[in-house]
Amino acid sequence: MDYPIRTVCVVGLGYIGLPTAATLASRGVEVIGVDINPQVVDAVNAGQPYFSEPDLDMLLRAATTLGKLRATSRPEPADAFVIAVPTPFNADRSPNLDYIDAAADAIAPVLAFGNVVILESTSPVGATERLAARLARLRPDLSFPPGRHGEPLDVHVAHCPERVLPGRMVRELIENDRIIGGMTEACADHAEAVYRIFLQGEPICTDAPTAELVKLAENAFRDVNIAFANELSLICDQLGLNVWQVIELANRHPRVGILQPGAGVGGHCIAVDPWFIIASAPDRTRLIRTAREVNDAKPKFVVAQIRERAERFKRPVIACLGMTYKPDVDDLRKSPAIEIARQLARAGEERILIADPNLSALPEELAALSNVSLCDTLEAVRRADIVVLLVAHSRFRKIPREELMRRVVIDVTGLTHGYG
Ligand SMILES: NC(=O)c1ccc[n+]([C@@H]2O[C@H](COP(=O)([O-])OP(=O)(O)OC[C@H]3O[C@@H](n4cnc5c(N)ncnc54)[C@H](O)[C@@H]3O)[C@@H](O)[C@H]2O)c1
């Protein structure tokens, strides 16, 4: 069935909400972007992305110039509502649904008959049902799912998780297959109508709790597999073997595909989402919990490796190359590289030079430390006794080999594997 979608209100204009809003607007939909951060609202209205993501600036400028995307601080009536607010965890690692609750409270007054509400935020199983129940309490004049058996609903609710890769978001938003978890079949149909506006990948309809767990399972799968690679790196260190070579050769097996180890696991998703599964089935998640612990422990191991190599210098100068949580982005959220630099600097003995081509200032966590300074990459390498490669930014491949090889190099990225 055809459900016309002329206006969409996107709540939360961050890494997910902003590309989604701009993409919908580029297809001619009237988009109202909502964010509680006034600086975000101003930047979007000026047509300027406030984080770096390929092609987003072009898309956003076109959307605002054509008048199809407008940002504001409060939701306005629309045909569809897309919620893309943060879902962090609490101090005890249970899911924090406060942002979703706040978004529900904000949209409730403007909801109307025929609307669809889509939760895009990564959510624990049951969050979509909880959202619908909250909306139903706030708007007793409208019917929400699950509803009475067989009766049509006034407002439809679905969970459609996002699985785009930072650095390729604009493309993947359109091309990836999309899981559409409707609270009822009609809910899935209504949500699908929104994605049909721009989707080239396949829309795959299921129920909301399955969609919730699918997204969490995807990230837990990545986490467990990275933990395997990180554990291999510890084993190889003890046995005096080259982990990059071991993985490269093992992957020549036609049914083996070991991922790459690194400084740990950071970012907003993989380091967080597995905890949502653990919270919902604590007695049945031994592997997922252990993987989290293995990955969280990697920064401490890297610091110990650096300290060991630094012992022979009186007051070593240590260049830490790369601070973001992954290569070729400017996102610092939960970055293990920052944690490593912070732990190194805390002793106060070392001088730490930070170099990251994607940053123009020191990360907040390091800015106040007197023995830490930001440097150009080559300058950092030249001034350092020890060079630690923490993130595999492609620009680091241009560092002349001979400059690197003159120093003590600790490479947790594999960039120098094969330099000889
Ligand atoms: N970043 C990613 O790569 C990625 C990938 C897949 C899924 N996700 C998930 O998508 C969701 C959003 O993540 P993100 O990276 O876009 O977060 P983000 O922090 O970049 O953006 C969230 C935005 O929501 C705004 N906000 C918070 N509460 C609000 C409210 N009540 N009303 C309006 N705006 C509000 C914030 O000011 C912020 O601008 C999370 O659940 C995340 O786990 C993120």
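This is a predicted model: local features need pLDDT of at least 70, side-chain atom pairs count only at pLDDT 80 or more; totals for chains, interfaces and linings use all residues.
Domain 1 covers residues 7-201, while domain 2 is built from two segments, 218-231 and 238-411. Where the domains meet, 13 residues of domain 1 are in contact with 12 residues of domain 2. On the domain 1 side of that meeting, the residues divide into 7 nonpolar, 4 polar and 2 charged.

Let us turn next to the ligand. Which residues are closest to the ligand? They are Gly12, Gly14, Tyr15, Ile16 and Ser121, part of a shell of 27 residues that surround the ligand. Helix H4, residues 98-107, gives the largest share of this shell, with 4 residues.

Now follow the chain to a pair of helices, H11 (residues 286-310) and H12 (residues 336-346). Two packed helices are described by the angle between their axes and the distance between the axes. Here the angle is about 45° and the axes are 9 Å apart, so H11 and H12 are oblique to each other. The crossing of H11 past H12 is right-handed. From H11, the contact is made by Lys298, Pro299, Val302, Val303 and Ile306; H12 answers with Pro336, Glu339, Ile340, Gln343 and Leu344. Taken together, the residues of this contact comprise 7 nonpolar, 1 polar and 2 charged.

Methods: Residues are numbered from 1 along each chain as its sequence is written. Axes are lines fitted to C-alpha atoms, for helices over the stretch in contact, and angles run from 0 to 180 degrees between N-to-C directions. Helices (H or I, at least four residues) and strands (E, at least two) are DSSP runs, numbered from the N terminus. Angles under 35 degrees count as roughly parallel, over 145 as roughly antiparallel, 65 to 115 as roughly perpendicular and the rest as oblique. A crossing is left-handed if the near helix is turned anticlockwise from the far one by less than a right angle, and right-handed if clockwise. Two residues are in contact if their C-beta atoms, placed from the backbone, lie within 7 Å. Ala, Val, Leu, Ile, Met, Phe, Trp, Tyr, Cys and Pro count as nonpolar, Asp, Glu, Lys and Arg as charged, and the others, Gly among them, as polar. A residue is near a molecule or strand if its C-beta atom, placed from the backbone, lies within 6 Å of it. Domain bounds come from an automatic or database domain assignment.
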